[in-house]
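Subject: Structure for you to look through

Dear colleague,

My notes on what was found follow after it.

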Amino acid sequence: MSKRDYYEILGVPRDADEAALKSAFRKKAMQCHPDRNTGDEKAEAEFKELNEAYQVLSDGQKRAAYDRFGHQAFENGGGGGHPGFGGDFASSMSDIFEELFGMGGGRRRGSSGGRERGADLRYNMDITLEEAFAGKSAQIRIPTTVSCEACSGTGAKPGSKPKTCGTCGGHGRVRASQGFFSIERTCPTCQGRGQVIEDPCASCSGAGRVTRERVLSVNIPSGVEDGTRIRLANEGEAGFRGGPTGDLYIFLSIEPHAFFQRDGQDLYCRAPVSMVTASLGGTFEVPTIDGGRAQVKVPEGTQSGKRFRLSGKGMPVLRSKALGDLYVQVDVETPRNLTKRQKELLAEFEKESSKDTQPETAGFFARAKAFWDGLAKEG
C-alpha cells in the first residue's frame, strides 16, 4: 500500500514554513490523539501517520530529501529510517499535552513536595493629592488565609504527619502507556502533592490554612503617581500545607483635586483676573499643594490664557528631593451686571481706544476687511 503525501497528511502547501507546519500538526494531533479517541484504531493509525509526516517535514535535511526523492529517500536505510522523537517533535508534543491535560500536564505553580505557594492578593487604595505629595502611613484590613496554628500549616491532625503517596511514591506524577509512547500525568490520589493526609486537622480540614482578617501597616512614599503599585512581600495568602506565602500588591488611585491638575511632577491651575488687573498689571495669591501661598505677578497688558511658572511648587519626584513646578494660567474675566456709570466709563474707554491699545482686535478686523475686499474684486 502506497504512502500518502506528507504535505497532504498535514494539509499544508509544499512551501509552508516551520510555523505553519507546527500549527497544522498541533491542530490535527489534537483531533486524532488516542486519549480523545479511546479504542479507535483508525484514529491511532492517523496519529502515527501524522507524527511520521511532521517528523520528516520539520527537519530541514529530511524535508529536502523528501522534496527531491519522495518516500524513497527513507526506504532501505536511506536517510534516517523510521522517524523518531527529535527535539522539535518532543517540544510540539509537549505543547499538545499541555492543551489536552492543562497547565503543563497538571504541574502546580510553586509546588514542591505538596507545598503550594499561596496566591498573590490585590488591594485598591484611594489617596488624596495632598497625601501623594507628603506621603503617609496607613493601616489596611485584608481578609486572607493564614497558616493554621493548630497543625502548624501541615494540614495533618496535631501529633500526626502527612504520609508519602502510595500511588506515585511521593513524585506527584504517574505514567500511563498510550500506544507506542508513555504520558506522564498528575497523580490522581494526591493531586500532584506527593503526600496524603489520612487524619486531617479539624481546624483547617487538612488545608493547612484558615481564613482571617489581618491589619497591615503601609508606608506610601511622597511623590507617588496614580496607578503606582506597592508590593508587600509575603503578605498574601498562606501557602497550601505549609507552602510559601504569596505577596500583597497595593494599587494606588489618586482622587481628583478641586484646585490642581497633575501632569507627572508638575501641577496646573487656572485663576481668573479682572480686566483692570490684566490691563494695568498687579499681583494675586494662589494656594500651593503644601498648604502655603505663592504670589503671581501679572505684567501690564496680560492676555487671557497667559501661563505663569512657579518653580519648585509642584509635586516631589519619587525617591528624590527634586520638586516639579506649578503653572498658573490666568483667565481675564469680562465684567457682568454693570451699573449705568460703569457702562458709561467703558463706553468712554472704547471711544478713546486705538490700534495701539487693542492690537489683536484691530488686526483681526483688518484681515477680515481685506478678505471681503478680495471677494468683491473677484466678483
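Which residue in β15 is the bridge partner of Arg 309? Before answering, please keep in mind that this is a predicted model. The partner of Arg 309 in β15 is Tyr 327, and this pair belongs to two strands, β14 (residues 307-310) and β15 (residues 326-333), which run antiparallel and are joined by 4 bridges.

Another antiparallel pair is made by β12 (residues 282-287) and β13 (residues 293-298), with 6 bridges between them. These strands form a hairpin in which 5 residues lie between β12 and β13, and Gly 291 in the turn has a positive phi of about 95 degrees. Within this pair, Glu 285 stands opposite Gln 295 of β13.

There is also an open sheet of 3 strands, which has mixed pairing and the order β1-β9-β8. Its edge strands are β1 (121-127) and β8 (229-232), each of which pairs on one side only, and the twist from one strand to the next averages 25 degrees. Strand β9 (residues 248-254) runs antiparallel to β8, and 4 bridges join the two; here Leu 232 stands opposite Leu 248 in β9.

Turning to the helices, α4 (residues 60-69) has its N-terminal end capped by Asp 59, a side-chain oxygen of which lies 3.0 Å from the backbone nitrogen of Gln 61. After α4 comes Gly 70, with a positive phi near 70 degrees.

Finally, please look at the largest pocket, which has a volume of about 710 Å³. Its lining is made of 21 residues, and those that lie nearest its centre are Met 275, Ser 279, Gln 303, Thr 357 and Gln 358. Three helices, α8 (275-280), α9 (340-352) and α10 (359-378), each supply at least two residues of this lining, and the largest share, 4 residues, comes from α8. By type, the lining residues divide into 8 nonpolar, 10 polar and 3 charged.

With best wishes

Methods. Residues numbered from 1 in each chain as written. Predicted model: local features only at pLDDT ≥ 70, side-chain atom pairs only at ≥ 80, totals over all residues. Heavy atoms only, no water. Pairing = 2+ DSSP bridges. Axes fitted to C-alpha atoms, helices over the stretch in contact; angles between N-to-C directions. Polar contact = N/O pair within 3.5 Å; in protein donor to acceptor, adjacent residues only side chain to side chain. 1 Å grid on protein atoms, 1.4 Å probe; cavity = no way out; pocket = protein on both sides within 12 Å on 5 of 7 lines; lining within 4 Å. Points joined across faces, edges and corners; volume = space filled by probe spheres on them. Nonpolar A, V, L, I, M, F, W, Y, C, P; charged D, E, K, R; others polar. Buried < 20%, exposed > 50% of the residue type's maximum accessible area, 1.4 Å probe, protein only.
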